[in-house]
Amino acid sequence: MGGYQKKYLPIFFCIAVVIGIAIGSKLNYGAASSTILGGNSKKEKLNRLIDYIDYEYVDPINTDSIVDVTVNGILENLDPHSVYIPPSELQEITESMKGDFVGIGISFYDYNDTITVTRALPGGPSEKVGIRGGDRIIAADGKSLTGRTVISDTVVNQLKGKAGTLVNLTVLRPGTDNLLNFKVKRDVVPLKSVDAFYMLTDTLGYIKVNRFAESTPDEFHTALQNLKRKGAKELVLDLRGNPGGYISAAEKVADEFLEDDKLILFTKNKTGKIENTFATGEGDFETGQVYVLINENSASASEIVAGALQDNDRGVIVGRRSFGKGLVQREMDLGDGSAVRLTIARYYTPTGRSIQRPYDEGNQAYYEDYLKRYKNGEMQSVDSISTADSLRYVTPKGKVVYGGGGIIPDVFIPKDTNYEKEAIIYALRSGAMSRFVFELLEKRRVYYNSLSYATFEQDVEITDADVTAFVGYLNDRNLKIRIKDYKNDLKRYIKAVMAQQLFGNTIYEKLINDEDPAIAKIKELSRS
């Protein structure tokens, strides 16, 4: 994903013609298509084939699906990160990367055939009028939203709309006898890319970024200013699991830490043209110590930030080797509501490193390389990371760094690959734990909604019975899990997810980080 910009280039028009979607009508095969496409070209061959199938094939065929297959087939022969985005997915992806959407601002589950709010998004329209977790939305503008026939797409379409328009919600709230009515004005709802920011110690701040969207630089700047006012002299930038995003957003975040005229990165396209990006003098954290947390799922724009700070001797990179994506994509419209992200350049860190992993053995082998890291011991020992002298680079202060497949951290943190711990993390990331916690809250919704965070932290305890119930919940869904050695970890995760649904992401991250070995190591480095 990382490093693409939303611009439309005529270069892809030729591919669009090949698959028959950039022009609005079907081409007649024979002389007409020959005239339009200019002779017996490869483009004409593919276009004729689609027309033959459309007009002559014995059975009815949806040629749109053939077009999609053709596009994907073309892209699969390029690189792993040039991808096709069908119309059904483009809007959601666009909203995610833009950093907002128009709606009423809730997260919800379909619970017992009723739309039940898990949380009203902070600053969103629903929160402003008083909707909260546990509320059942019975109807919108008089139209029922309950029953087995209601599906999430229907609900989304009913609740979304133009900014400024009103939707009348009928709500059943646990603990109240009468239905409640709310008039909610649809508005732009932010999709936060900064998950959390808070003080780890009196002088050490923490910011977690989940992706690099259009809104990320402003979100990050606001978080940074907040922490500085609270006394932050050092900072932890947590990019673990961050898959990337816009190259421009990564550049602006890196600029916060680098002095004027320091090189952030450079890109090179197929013609060999090089474009350099330098830091400005507007950074707000150019002197304090910076620790950047990365792991095997930190990719693209995350690697741009980590590489820029490492190569400028500006930050300490902590964690495990990053994913290894050094390609830049641009999103291009295909004219029918779909788009393609096409690789247009490679990027290089300030020392000249390309951190792109090889992909000459095909996409499957490229993504299976992740599994090799487990097998070769890299997840447990930095000494198991293979490096090549030909890809050796040196920073201005003499630190040796390597290209060829990700950012290698300065301080290595091994991954706990115990089966039990991996299973717990999977349950956390799959959403199963979130659903279990939601149902746990529902049993005492009025009580939990009455709690302040201080009371929650002090009084709410996850019991052995809760753990047993969760294991049974997973077993019922064919997710087997053992927690013999990780019962306390599981309790902490369940409480963290509970806090997330009640109080938001910052509290969640605080609880998750309490026993995090990487955070503990950074605190140790900060004190030394």
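In which kind of crossing, left-handed or right-handed, does α9 pass α10? In this model, which is predicted, α9 passes α10 in a right-handed crossing.

**Helices α9 and α10**

Helix α9 covers residues 247-255 and helix α10 covers residues 301-311, and the two pack with their axes 9 Å apart at an angle of about 30°. Since angles under 35 degrees count as roughly parallel, this angle makes α9 roughly parallel to α10. On the α9 side the residues that take part are I247, A250 and A254, and they meet A301, I304, V305, A308 and L309 of α10. Sorted by class, the contact of α9 with α10 holds eight nonpolar residues, with no polar and no charged ones.

**Helix α16 and its two partners**

Helix α16, which runs over residues 464-476, packs with helix α13, residues 432-442, at an angle of about 125°, and the axes of these two helices lie 11 Å apart. The pair α13 and α16 is therefore described as oblique, and α13 passes α16 in a right-handed crossing. From α13, the residues A432, M433, R435, F436, E439 and L440 meet D466, A469, F470, Y473 and L474 of α16. The residues of this contact of α13 with α16 divide into eight nonpolar, no polar and three charged.

The contact is made by D464, V467 and F470 on the α16 side, and by K487, L490, K491 and I494 on the α17 side. By class, the contact of α16 with α17 has four nonpolar, no polar and three charged residues. F470 of α16 is named both in the contact with α13 and in the contact with α17.

| Helix pair | Angle | Axes |
|---|---|---|
| α9 and α10 | about 30° | 9 Å apart |
| α13 and α16 | about 125° | 11 Å apart |

Which residues of helix α19 are buried? In this helix, residues 517-527, the buried residues are A518, I519, I522 and S526. They lie on the same side of α19, because the arc that they cover around the axis is only 100°. As a general rule, residues three or four places apart in an α-helix point the same way, because there are 3.6 residues a turn. On the other side of α19, P517 and R527 are exposed. The buried residues of α19 pack against the strands β11 (204-209), β12 (234-238), β15 (290-294) and β16 (315-319), and also against helix α18 (505-513).

**Two aspartates with positive phi**

D113 is found in the loop between β3 (106-111) and β4 (114-120), and its phi is near 65°, a positive value in a residue other than glycine. Its relative accessibility of 27% means that D113 counts as partly exposed, a class that lies between buried, under 20%, and exposed, over 50%.

D261 is found in the loop between α9 and β13 (263-268), and although D261 is not a glycine, it has a positive phi of about 80°. With a relative accessible area of 57%, D261 is exposed.

How values were computed. Residues are numbered from 1 along each chain as its sequence is written. This is a predicted model: local features need pLDDT of at least 70, side-chain atom pairs count only at pLDDT 80 or more; totals for chains, interfaces and linings use all residues. Side-chain values use heavy atoms; hydrogens and water are left out. Axes are lines fitted to C-alpha atoms, for helices over the stretch in contact, and angles run from 0 to 180 degrees between N-to-C directions. Helices (H or I, at least four residues) and strands (E, at least two) are DSSP runs, numbered from the N terminus. Angles under 35 degrees count as roughly parallel, over 145 as roughly antiparallel, 65 to 115 as roughly perpendicular and the rest as oblique. A crossing is left-handed if the near helix is turned anticlockwise from the far one by less than a right angle, and right-handed if clockwise. Contact means heavy atoms within 4.5 Å. Ala, Val, Leu, Ile, Met, Phe, Trp, Tyr, Cys and Pro count as nonpolar, Asp, Glu, Lys and Arg as charged, and the others, Gly among them, as polar. Buried means under 20% relative accessible area, exposed over 50%, partly exposed in between (1.4 Å probe, protein chains only). The arc is that of the directions from the helix axis to the C-beta atoms.
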